Amino acid sequence: MYRPGTAGAVPSPRQQWEIVVGSVLAQNTAWRNASAALSALVRRRILSLRRMAALPRADLAATIRSAGYFNQKARNLQELAAHLLSVSGGRIAPFLSRPAPELRVELLERRGVGPETADSILLYAAGRPFFVIDAYARRIASRLAWVPETIAYHRLQELFESRLPRDPAIYNEYHALLVRHAVEHCRARPLCEGCCLRDGCPAGRSLAAAGDRP
């Protein structure tokens, strides 16, 4: 998922479309792979909505190959671009300024856009207070025993949103901190040494106990 550099900053229309594209490219891959695909689109000068819609699909797929599932993502991006051209003349800002519930439903109706992608677009591109639930947030919450690992997306989202001020800048920063913590410590194979949450983490305590055994 693409994340703006400054929490709460209002992106320009060009940045809004870049965030939309980045949110699609980041599906089922590491951000570094999605970022490489974005950079390739910039180098070829085809990141703009209209140019992307007009590009032969095979060319777009080849350009975003580093993001994985490139044929599907090329199709989904071009269909999304075509939808924006149809409903808002290709102007991203008016499209994203629609009422949030209506906009979320419309995004979810697009092929290849699930809850995480839709909420990434709503939070980072549209500045709406929707907390993004990704694998990192789910991993940390389940290891802290807040929720079962199999909790439904909307239930875990409700948990975060009910305990945080409904402010997109706070959601942005909080989620960024979760991502950083997951990358530095709460990995698939956790690095508990130095983790600030270790004392309150059942998973961390059990690993520490196992390490203390003779």
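**Stop one: a helix pair**

Select residues 13–25, which form helix α1, and residues 31–43, which form helix α2: the two pack at an angle of about 135°, with their axes 9 Å apart. Keep in mind that this is a predicted model. Angles over 145 degrees would count as roughly antiparallel and 65 to 115 as roughly perpendicular, so α1 and α2 are oblique to each other. Turn the view and follow the crossing: α1 passes α2 in a right-handed one.

Now show side chains at the contact. From α1, pick Glu18, Val21, Gly22 and Leu25. Colour them by class and the contact comes out as 7 nonpolar, 1 polar and 1 charged residues.

**Stop two: the cavity**

The largest cavity holds about 120 Å³ of space.

To centre your view there, select Arg143, His181, Cys186, Cys195 and Cys201, the closest to the cavity's centre of the 15 residues that line it. Then bring up helices α9 (135–143) and α12 (202–212), the elements that give two or more residues to the lining. Which element gives the largest share? That's α12, with 3 residues.

Finish by colouring the lining of the largest cavity by class: the residues divide into 11 nonpolar, 3 polar and 1 charged.

Technical notes
Residues numbered from 1 in each chain as written. Predicted model: local features only at pLDDT ≥ 70, side-chain atom pairs only at ≥ 80, totals over all residues. Heavy atoms only, no water. Axes fitted to C-alpha atoms, helices over the stretch in contact; angles between N-to-C directions. Helix = DSSP H or I, 4+ residues; strand = E, 2+ residues; numbered from the N terminus. Parallel < 35°, antiparallel > 145°, perpendicular 65-115°, else oblique. Left-handed = near helix turned anticlockwise from the far one by under 90°. Contact = heavy atoms within 4.5 Å. Nonpolar A, V, L, I, M, F, W, Y, C, P; charged D, E, K, R; others polar. 1 Å grid on protein atoms, 1.4 Å probe; cavity = no way out; pocket = protein on both sides within 12 Å on 5 of 7 lines; lining within 4 Å. Points joined across faces, edges and corners; volume = space filled by probe spheres on them.
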